Amino acid sequence: MISHEKALELLKRYNLPEGLYLHSLAVNKFSVELAQNLIKKGKKVNLALVDLASLLHDIGKIKAKEKDEDHALTGANILINENLAELADIVRKHRLDSVLGNDSPLTIEEKIVYYADKVVDQEFLGLEKRADGWKKRYPNVDALLKKVYPKIKEIEKELI
Ligand SMILES: [Fe+2]
């Protein structure tokens with residue numbers, strides 16, 4: 001795997017704008033804290049995997065927008081092409097609706113990055129405030145939110 005610094009360079013190479021870069025840093029910080037707390041409680045968590053995947057989880061955003069693709073899948077494919085295939089599953093499974101299908105986050109590392117992205121924007125907001133932001137950006141997100149809330153709460157219980 002690569003260093004944290006190399007991952008930051010990779011984010012810049014894929015043209016992440018400032019706001020998304022700051023979001024990536026904030027999700028990374030929260031994910032690593034979650035992982036460290038779980039490790040303290042005796043859980044087995046791959047900290048390096050959480051560190052890199054959380055930092056790179058939105059790496060596909062710009063390319064996906066240009067090509068009208070699913071940003072999580074695009075991100076996963078970018079990572080495979082960058083010889084970081086071990087991060088691809090975590091990134092592929094971080095979409096808000098990932099918890100509803102049959103490609104739901106299952107490993108502890110997948111759940112940490114999924115959850116962190118749902119409660120952190122450019123700082124920790126918590127799920128409700130974070131959802132307010134989505135409602136402004138995506139007018140039809142309400143029905144989806146009702147479905148994903150219980151799943152996110154389930155993951156929360158496991159992580160916190
Ligand atoms: Fe994100």
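Mentor: Helices (H or I, at least four residues) and strands (E, at least two) are DSSP runs, numbered from the N terminus. Now take α7. Its 12 residues should span 16 Å, and its end C-alpha atoms lie 17 Å apart, so the two agree.

A caution on the source. This is a predicted model, in which local features need pLDDT of at least 70 and side-chain atom pairs count only at pLDDT 80 or more, while totals for chains, interfaces and linings use all residues. Residues are numbered from 1 along each chain as its sequence is written.

Next, burial. A residue is buried if 20 or more other C-beta atoms lie within 10 Å of its own, exposed if 12 or fewer, and partly exposed in between; the C-beta atoms are placed from the backbone. By that count α7 is mostly covered, with 11 of its 12 residues buried. Among them are Glu-109, Lys-111, Ile-112, Tyr-115 and Ala-116. Contrast α1 (residues 4-13): of its 10 residues, the count of buried ones is one.

What covers α7? Its buried residues pack against α2, α3, α6, α8 (127-137) and α9 (141-159). Contact here means C-beta atoms, placed from the backbone, within 7 Å.

Follow one partner. Leu-34 sits in helix α2. Leu-34 counts as buried because it has 22 C-beta neighbours inside 10 Å. Setting aside neighbours within four places in sequence, Leu-34 contacts Ile-112, Ala-116 and Leu-159.

Ala-116 leads on to the core. A nonpolar core is a set of buried Ala, Val, Leu, Ile, Met, Phe, Trp, Tyr and Cys residues joined through C-beta atoms within 7 Å. The largest one has 30 residues, and Ala-53, Leu-56, Leu-79, Leu-87, Val-91 and Ala-116 touch the most other members. Two or more residues come from each of α2 (18-40), α3 (47-56), α5 (71-81), α6 (88-92) and α7 (108-119). Leu-87 shows the pattern: not counting residues up to four places away in sequence, Leu-87 touches Leu-49, Leu-52, Ala-53, Leu-56 and Leu-79.

Finally, the setting. The protein has nine helices and zero strands. Buried residues make up 34% of its 160 residues. Of the contacts with a separation of 6 or more, 57% join residues 24 or more positions apart. The C-alpha atoms fill a box of roughly 40 × 35 × 30 Å along the principal axes.

Notes: Two residues are in contact if their C-beta atoms, placed from the backbone, lie within 7 Å. The expected span of a helix is 1.5 Å times one less than its number of residues.
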